[in-house]
Amino acid sequence: MAKCLICQEREATKKNSHIIPSFLVAMVTSYDGSYKRDKEILFLIKNLKTQIYTGNLPSTEYDRLFDDLTEERIENELKNNTAAQDYIFCPKCESYLSQYLEAPYASCLNGNKKIANEIPLIFWISVIWRMSVTENSGFKLSIDTEEKLRNIIHGYFEHKISGSKFSIADITINYRILHCKGYCRRRAGYIYAEYHEEDNLLTMTIGDLVICFMFSSDVLPSHYTYFGLEEYLKTAPINRGQEAEQRVNIPEDEYTKSIKYFIHFAVDKKKTDEFTKLDAIWKDLNLFGHMPMKMKITFLLMLYDDTVKLGDKHTTSRYIQIFYYLLKNIDAWFLKTVL
């Protein structure tokens, strides 16, 4: 059994440890906008794979997302929580995350309850650190930075447990945060993180929130951009954990525009990734050169066919079916006009 990633002493026996706290995942993914657990519909879109996780959905939601869904697929695929991992923390450190950070911050964010000033900073440090060390969120911090964050989390837990010395003023990390409160109650949300190594800063969107974390400076560079929200972030107050967290509330129409910018970016990125996957399949079959562009475009048009339900679009069997159909039916793509 591996050691716990936080204390590095006790065995990591805990299962289903959340990388991103469950109340944040529920904010983004609850199908009815309730922000409650067990109502999640979460699509994890990685470079070459799309995974689906569902909570305890009613049959109407399964019918909306899937055709002819089997119990086997529900248990073997849809119940694998892509926002959690097994055997990375010990039960004690897992409980400390909940008791000292997640529960208090959730009460502050959702209930406007007053909490100790340092909690939001340590909370967000714990989220970013978990996302980085588990390597499942699209970014990876340096080993030195990860260890720095781990020491802060572990030191804070030791302070809470035994009263050992802990000074928030010694932490040089700071962040800015935007909030479009209740946005995901009315519209779909997403989670995305973007790390700029040259500027040593990380910006991420989690549902109603946008957070910019700065590891070595408190000034955003002049070239900084983030889906149309850069001016809000550049003028947002800096949080250092010494005062109550200050969040900038942004209008819903501005947040909607930002999400549209992100969608254009994500579509281009996904198209590139799909083309890479198709060329890899082409090569593995020892076919000459690369898959023809007309064939690739026809493949994507068939893959994202609106008549196919969302949960059924990215199954392995469907990839195989479309691929071999186009190999056998050249006339389905060869004579098409590519715009």
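**Chatting through the rings, a helix and a cavity**

Modeller: Let's start with F262. This is a predicted model, and in it F262 has 11% relative accessibility, so F262 counts as buried, the cut-off being under 20%.

Colleague: OK, and which ring does F262 pair up with?

Modeller: With Y192. The two form a tilted aromatic pair, 5.1 Å centre to centre with 55° between the planes.

Colleague: Where do Y192 and F262 lie?

Modeller: Y192 lies in strand 6, residues 191–196, while F262 belongs to helix 9, residues 252–284. So their pair ties together parts that are 70 residues apart in sequence.

Colleague: And Y192, is that buried or exposed?

Modeller: Buried. Y192 has a relative accessible area of 18%, and the limit for buried is under 20%.

Colleague: Are F123 and W124 buried or exposed?

Modeller: Both F123 and W124 are buried.

Colleague: New topic: helix 6. How far apart are its end C-alpha atoms?

Modeller: They are 28 Å apart. Helix 6 has 20 residues, 143–162, and at 1.5 Å a residue it should span 28 Å, so the two values agree.

Colleague: Which residues of helix 6 are buried?

Modeller: T145, E146, L149, R150, I152, I153, H154, Y156 and F157.

Colleague: And what covers them?

Modeller: The cover for those buried residues includes helix 4 (91–111) and helix 5 (119–133).

Colleague: What follows helix 6?

Modeller: G163 does, and its phi is positive, near 80°.

Colleague: Last thing, cavities. How many turn up?

Modeller: Searching the whole structure for cavities of 30 Å³ or more finds one. The largest cavity has a volume of about 30 Å³.

Colleague: Which residues line the largest cavity?

Modeller: The lining is made up of H18, S22, V25, E40, Y53, N81 and A83.

Colleague: How does that lining divide into nonpolar, polar and charged?

Modeller: Three residues of the lining are nonpolar, three are polar and one is charged.

Technical notes
Residues numbered from 1 in each chain as written. Predicted model: local features only at pLDDT ≥ 70, side-chain atom pairs only at ≥ 80, totals over all residues. Heavy atoms only, no water. Helix = DSSP H or I, 4+ residues; strand = E, 2+ residues; numbered from the N terminus. Expected span 1.5 Å × (residues − 1). Buried < 20%, exposed > 50% of the residue type's maximum accessible area, 1.4 Å probe, protein only. Contact = heavy atoms within 4.5 Å. 1 Å grid on protein atoms, 1.4 Å probe; cavity = no way out; pocket = protein on both sides within 12 Å on 5 of 7 lines; lining within 4 Å. Points joined across faces, edges and corners; volume = space filled by probe spheres on them. Nonpolar A, V, L, I, M, F, W, Y, C, P; charged D, E, K, R; others polar. Phe/Tyr/Trp six-rings, centres within 6.5 Å; stacked < 30°, edge-to-face > 60°.
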